[in-house]
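Please look through the structure below alongside its sequence. The paragraphs that follow move from the overall fold to individual residues.

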Amino acid sequence: YTPPPPVIEPPAPELRHITKLAFRNRFTMKEKVAIELSGNINPNDPVQKQQLAATVRASNADISASTYIDLDRPDTRAGVKSMEEFGLLAEGRADEILDSPVQDFERHNG
């Protein structure tokens with residue numbers, strides 16, 4: 001009898017879950033200020049600007065309600081990329097924020 005070869009499981013993908021503070025700290029202060037200011041709703045603004053403000057406020061509420069930030073979630077990625085599309089982030093910054101390696105001090109350990 002020859003035993004079957006051992007089953008080698010591929011390593012589990014690394015979870016890219018970071019704390020909410022670590023996520024916020026991936027943005028510069030200038031970017032955070034631009035995001036905060038864009039969340040102010042003025043009923044006299046054009047509808048597109050009001051929609052942007054409501055989108056920013058909704059995203060911030062989602063972050064506040066979350067336990068951690070999963071950098072690989074499609075909605076997280078879409079939200080950060082939309083900030084770049086709306087001009088709140090410089091070109092290429094969304095990828096830097098989302099795809100920079102997760103540092104040990106950023107990890108959510110929950």
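Helices (DSSP runs of H or I with at least four residues) and strands (runs of E with at least two) are numbered from the N terminus. On that basis the protein chain has 5 helices and 2 strands, and from the N terminus on these elements follow the order β-α-α-α-β-α-α. The radius of gyration of the protein chain is 19 Å, well over the 13 Å that the globule rule gives for 110 residues, so the chain is more spread out than a compact globule; here the radius is taken over C-alpha atoms, and the rule is 2.2 Å times the number of residues to the power 0.38. The C-alpha trace spans about 80 × 30 × 25 Å along its principal axes.

This is a predicted model, in which local features need pLDDT of at least 70 and side-chain atom pairs count only at pLDDT 80 or more, whereas totals for chains, interfaces and linings use all residues. Residues are numbered from 1 along each chain as its sequence is written, and side-chain values use heavy atoms, with hydrogens and water left out.

Turning to the chain as a whole, buried residues (under 20% relative accessible area, with over 50% counted as exposed and the range in between as partly exposed, using a 1.4 Å probe and protein chains only) make up 29% of the 110 residues. The protein chain exposes about 7,900 Å², of which carbon and sulfur atoms supply 57%; accessible areas come from the Shrake-Rupley method with a 1.4 Å probe, and for residues only the protein chains shown count as cover. Of the contacts (heavy atoms within 4.5 Å) with a separation of 6 or more, 64% are accounted for by residues 24 or more positions apart.

The segment before strand 1 (17-18) holds Pro 3, which is exposed, with a relative accessible area of 53%. Pro 3 and Phe 27 are 24 residues apart in sequence, and their C-alpha atoms are 54 Å apart in space. Further along, Leu 21 belongs to helix 1 (residues 20-25) and is likewise exposed, at a relative accessible area of 56%; between the C-alpha atoms of Leu 21 and Ile 8, which are 13 residues apart along the chain, the separation is 37 Å.

In the loop between helix 1 and helix 2 (29-38) sits Arg 26, a buried residue with a relative accessible area of 11%. Leaving aside neighbours within four places in sequence, Arg 26 is in contact with residues including Ile 18, Glu 31, Leu 71, Arg 93, Pro 101 and Glu 106. The side chains of Arg 26 and Glu 106 are also joined by a polar contact of 2.8 Å, where a polar contact is a pair of N or O atoms within 3.5 Å; within protein, one atom must be able to donate a hydrogen and the other to accept it, and residues adjacent in sequence count only if both atoms are side-chain atoms.

The loop between helix 2 and helix 3 (47-65) contains Gly 39, which is buried, with a relative accessible area of 6%. Beyond its neighbours within four places in sequence, Gly 39 is in contact with Ala 53, Val 56 and Arg 57, while the C-alpha atoms of Gly 39 and Ile 18, 21 residues apart along the chain, are separated by 24 Å.

Finally, Gln 103 lies in the segment after helix 5 (93-99) and counts as partly exposed at 38% relative accessibility. A polar atom of the Gln 103 side chain lies 3.4 Å from the backbone oxygen of Pro 101. Gln 103 and Ala 22 are 81 residues apart in sequence, yet their C-alpha atoms are 9.3 Å apart in space.
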